[in-house]
Amino acid sequence: MPLALICKALIAILLVAFAAPWAHADGGLLPVPVLTGPVIDQTGTLSASDKAALETQLQTLEQTRGAQVVVLMVPTTAPEDIASFANRVGNTWKIGRRDVGDGVLVIVAKNDRKMRIEVAKALEGAVPDIAAARIIDGAMKPRFQQSDYAGGLRDAVTQLSARIAGEALPAPASNSGTAVHSPDTSRDGFDWTDLAIFLFFGVMVAGPVMRSIFGSRLGGLLMGGGVGLLAFVVTSSLIVAGGAGLLALLYTWIFGGTGGGSSRRRGRGGAAVGGWGAGVGGGGWSGGGSSSDSGGFSSGGGGDFGGGGASGDW
Amino acid sequence: MIQRIFALLTALLALSALTGCGYNDFQRLDEQSKAAWSEVLNQYQRRADLVPNIVATVKGEANFEQETLTRVVEARAKATSIQVTPETLNNPEAFNKFQQAQGELSGALSRLMVVSERYPTLQANQGFRDLRVTLEGTENRITVARNRYIQTVQEYNVLARSFPTNLTAIAFSYAPKPSFTVANEAQISAPPTVDFSASKPKP
């Protein structure tokens, strides 16, 4: 039956078409794991208590020194070698405080029998390549050879902490200081200057037009509302939108005001709109801003990994 | 009044056209690629500075293969003799020459490291092991810096060649920039010959 054949062929094509992107996502490279905590074990090697002890050790370091060290265990890094995989993971996670960039990534590829300490640029002075190599050779390698992964990692983290403690890094902010900056809330590449310039000229041009069409009071209100709406749509920040709208409104009212007897109305309208802007800004935005952090581990978002560190095997 | 509005409108149009045609993007990416290029040079310099130390350490090893050592020294001299400036970026010929010289140094150094495996006393030397780690780290940094340069240049070149912005590129003469290529493409794509019959030279 040709129809059945065609149906089968179509299904096959569909399957291939939809399966192919999944199979070859990212050019076949290993996907970067989700950063869920300071210790990520994809191999199931560490026992729960070992993992908890290591996490405590790393959290203590972050609280006292501010530097973020993350331990990642994967079965293999194929098809990449461990150095480029570590660099890719580091630059995706960007561990390290936002304004300092002090992050270290310890990666163990268990089945490849390879490990790497990837150091962010800010810590290359505290942990130079030679020091990283000594930590690998002295602390990790002998223990890994005896399958004591938890012990090797513990010693490595202890030595790393000692080295980081010797570096004059800025003191960590209060407890919540580093956690507030999650990378998701960072700016999305939007150019604020462009918007500001655009709105500035837009108001100067459109303001007089609106006034002449709708009269000074309604024109100003429309102008303020329009600019505020536009600013809100683009920046999705009520404070910015309220501020921009208020500025536009005041500009339209005050600038080029030819009407003589509207000073009383002007003052009252301005105050009302100002109250609205402040009210909405205070109420809605601050709540939304702080609710995105659940208090868990998050990357500082400042680490820049330039290929520093050392690799080793066992 | 109408005239004033008209003038402002023109100013607004000119401004939005300027940002819309990618002029600012060209500025940003041009500077970014220059910075990325400087980082590449920086890391190559770091490697060139490392070579004398490695050579001095290896020389201490009696009867080390002289030919390998000489090749490293010569390749370094050649690589450092090439004057590189940010303008090299706009000169594909000089760029290729620079890349080739650095490639030769890479080859000579990796050959040196392979040969050094045959000398147990050298392998046991802590100073040499440290230098080896440093060289390895430097090679990694070079890879990262080159990678970043390639990405920036790609972004820049796409902007310089795709439609509305290529007019800006022509008007302000922003030519596409050269990027790194593999120097010995034919050599790499040929399968390696494996020969177990030849006897290893004794150290």
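Predicted model: local features only at pLDDT ≥ 70, side-chain atom pairs only at ≥ 80, totals over all residues.
1. A cis peptide bond deserves attention in chain A. The bond joins A:Ala78 and A:Pro79, with omega at about 5°. A:Pro79 sits in the loop that runs between strand S2 (68-74) and helix H3 (82-93) of chain A. As background, most peptide bonds are trans.

2. A:Arg113 is not a glycine, yet its phi is positive, near 55°. The residue belongs to the loop between strand S3 (103-109) and strand S4 (114-119) of chain A. A:Arg113 counts as partly exposed because it has 13 C-beta neighbours inside 10 Å, and a residue is classed as exposed at 12 or fewer.

3. A positive phi is also found at A:Ser147, where the value is about 60° and the residue is again not a glycine. Its place is the loop between helix H4 (129-145) and helix H5 (149-165) of chain A. A:Ser147 has 12 C-beta neighbours inside 10 Å and therefore counts as exposed. For residues other than glycine, phi is negative in most cases.

4. Chain B contains eight helices and zero strands. Read from the N terminus, its elements follow the order α-α-α-α-α-α-α-α.

5. Burial and contacts in chain B can be considered together. Of its 203 residues, 24% count as buried. Among the contacts in chain B with a separation of 6 or more, 76% are made by residues 24 or more positions apart.

Key. Residues numbered from 1 in each chain as written. Chains lettered and ligands numbered in written order. Helix = DSSP H or I, 4+ residues; strand = E, 2+ residues; numbered from the N terminus. Buried ≥ 20, exposed ≤ 12 C-beta atoms within 10 Å, placed from the backbone. Contact = placed C-beta atoms within 7 Å.
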